[in-house]
Amino acid sequence: MAKKNTSSPAAANARDTAVAYLHSMLMQRRFEEKSAEAYAIGKIGGFCHLYIGQEAVSTGTMAALRPDDYVITAYRDHGLALARGMTANEIMAELFGRATGCSGGKGGSMHLFERKLNFLGGHGIVGGHIPIATGVAFAISYRGGDQVCVCFFGEAAVNIGAFHEALNMASLWNLPVVFIIENNRYGMGTAISRSTAQQDVVKRAASYAMIGTSVDGQDVFAVRKEMDEAIERARKEQRPTLVEVRTTRFMGHSMSDAASGTYRSKEELDQSMQRDPIVLLKTKMLSDGMITEDDYKKMDDEAKAAAQAAWDFADASPEPSPEELFTHVLSDESTVGAANNAELAGAGR
Amino acid sequence: MTVMTYRDALNHALREELTRDESVFLMGEEVAEYNGAYKVSRGLLDEFGPKRIVDTPITELGFAGVGVGAAMAGLRPIIEFMTWNFALLALDQVVNAAAKMLYMSNGQYKMPMVFRGPNGAALQLSAQHSQAWESWLAHIPGLKVVAPGTPADAKGLLKAAIRDDNPVVVLEGEMLYNTKGEVDENPDIVIPLGKAELKREGQHCSIITSGKMVLVALQAADQLAKQGVNVDVVDLRTIRPMDVEAIATSVAKTNRAVVVEEGWEICGIGAQVVDFIQRECFDDLDAPVVRVHQADVPMPYAKNLEKLAKPDAAKTVAAVKRVMYLED
Ligand SMILES: Cc1ncc(C[n+]2csc(CCOP(=O)(O)OP(=O)(O)O)c2C)c(N)n1
Ligand SMILES: [Mg+2]
């Protein structure tokens, strides 16, 4: 690392923080580029929603959390899982549908879970996990704990009833939860202008007597600062916050659509991509003398190597054994339940 | 043993489990200050306070999801639906969240929670308020479904459901709440899930049923006994997992079966029972199995039409006679 500008402990601290952010964001970016490659040759199946372009949101938010806080999100979850501390190996193995995946190969891309990190998934029904976040916060408050639950969802999810029901209860009951709208302006192929009457989505907070704030999601420091405040409000005052993070996904909605050319013009995307969160951070760090180009290249190479290692690990991992088909349907599968489940599933005899 | 109503039996089960385990709480519309729309939770707010007996807004999807989240974070929620008709709005949480979480997370997140409330028709509430949902719910791997027909079963099964680490659907009956029966006051008595009970013994035919239809089957059994026909009444009690051994044992003895259910015919619980019987008891059968169920129509309001639509003792008696090739 460059030795400049580390004269004071504060400066050294600032540099370490920035380096950690850059590392986290590069790990997400290179991991997902690798997963796109794996998807293209059929190593990964199903739906696969990439987070590329939004990495400052995950990194900035996770940095503001404690290890015992809770995180829940939708299907666009790889970046959030990595930023929370899940390993590239266990995630890639999950995408490959292998036994060593974080969900044993039963969840796939949309359902990453890691209990050790209070990472509560990966959920596939738009908005369905928002009331669950309220419930987690209810449990925290019930036990008198001081943890916080953060819940991520897209701007299109504010139109679903579950959003309304969940935010109303969270505010009514003073629960420690932060609702984070990752506003990338599209829900699949539908621009926000075609789906949402009040496009200033954070105004929804007023309906729930909740504080609502907006932040530039391409600036990891801005995200961190906003989340520090919202998380503090939840932890100290038991008040929920609705935070809109303005961001852009650089890829298609999932691996099945092009990044631009149909519902989104190339010009629009090109312009948004001028504000790549990784480039913005790197540029700032270079100009502040926190790193050199060589340092950056080294970090980037490390991230690429980690992504390749994750691929190799996943590829070498076994598929789940056939017996796994019937495990974890119920917690007590040794009881009459399992036999009858198999029976009822037609797999009995 | 004490004689009490089905309502009080449920109330005792709730009180005992709330007392036994701090992580148990009850949540739903009107459960606290109003004492429950059907008074099942009467007195619980006074005893356990608003932290554990929680009134919600009219937000079925939302509070079902709150239950799921609370269960993920280690509590044992009891989610009351004012009736299961309204729970339709919450099915995303029951089916897509609660029933799938353990599997999707490969065993990391258990769902120790209960979804309960009255199911099926009461009297003249017409189409939107008179529906029996057991086949919808029992269709879902990852759920357990119980339908107690008596006060003793209501208490014992609800207690077992609360203690179970899986999401358990408890289907009660508005028309059952006032029925009375003997109930054990010992708080340690639970009725294991997945175990049927022979509610009446006979040798001529098996009536297989559950929930509110247990009383209908017992009435039919009384009427049949007067005509010299003695039936087994197999009360499944738990619909999923189903105690298929109990069905097989009874059919092996009687060689004839009638399945009585409250809901509609198409893809109903009876269809599942008949499938099992034809596969496992084929050689025991002396007659095709006959099903008794609601008419294949939305529930009408008019008293006479409603009676025609509902399964009842007379229809059950007729079905038993049919499988016994007796003249009506
Ligand atoms: C209830 C529901 N309806 C439709 C879908 C299909 N679907 C998946 S993602 C999506 C768009 C959601 O957009 P947004 O909430 O903005 O999140 P983003 O994908 O932009 O991250 C749709 C319609 C779904 N998964 N769930
Ligand atoms: Mg979006």
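**Exercise 1. Find which residues surround ligand 1, and how much of the ligand the protein covers.**

*Solution.* Start with the shell: 15 residues surround ligand 1, a residue being counted if one of its heavy atoms lies within 4 Å. Among the closest are A:Tyr75, A:Arg76 and A:Asn184. This is a predicted model, in which local features need pLDDT of at least 70 and side-chain atom pairs count only at pLDDT 80 or more, while totals for chains, interfaces and linings use all residues. Residues are numbered from 1 along each chain as its sequence is written, chains are lettered from A and ligands numbered from 1 in written order, and side-chain values use heavy atoms, with hydrogens and water left out.

Next, sort the shell by class: 8 residues are nonpolar, 5 polar and 2 charged (nonpolar means Ala, Val, Leu, Ile, Met, Phe, Trp, Tyr, Cys and Pro; charged means Asp, Glu, Lys and Arg; the others, including Gly, are polar).

Then look at individual atoms. A backbone N or O atom of A:Val126 lies 3.0 Å from a nitrogen atom of ligand 1. On the side-chain side, a polar atom of A:Glu155 is 3.0 Å from a ligand oxygen, and one of A:His253 is 3.5 Å from an oxygen of the ligand. Finally, the cover: of the 580 Å² of accessible area that ligand 1 has on its own, the protein covers 71% (Shrake-Rupley method, 1.4 Å probe).

**Exercise 2. Describe how domain 1 and domain 2 of chain B meet.**

*Solution.* Begin with the bounds, 2–183 for domain 1 and 197–323 for domain 2, which come from an automatic or database assignment. Their centres, taken over C-alpha atoms, are 26 Å apart. Domain 1 brings 32 residues to the contact and domain 2 brings 28 (heavy atoms within 4.5 Å).

Now turn to salt bridges (a side-chain nitrogen of Lys or Arg within 4 Å of a carboxyl oxygen of Asp or Glu). B:Asp153 pairs with B:Arg237 in a salt bridge, with 2.9 Å between the closest N and O atoms.

**Exercise 3. Work out what chain B and chain A share at their interface.**

*Solution.* Count residues first: 57 come from chain B and 46 from chain A. About 4100 Å² is buried between the chains, 62% of it from carbon and sulfur atoms (accessible area, 1.4 Å probe, lost on putting two parts together, summed over both). B:Tyr103, B:Met104 and B:Gln108 supply 17% of what chain B buries here, more than any other three residues.

To finish, check the charges: 1 salt bridge is found across the interface. A:Asp332 and B:Lys144 meet in a salt bridge at 2.8 Å, N to O.

Note on methods. Polar contact = N/O pair within 3.5 Å; in protein donor to acceptor, adjacent residues only side chain to side chain.
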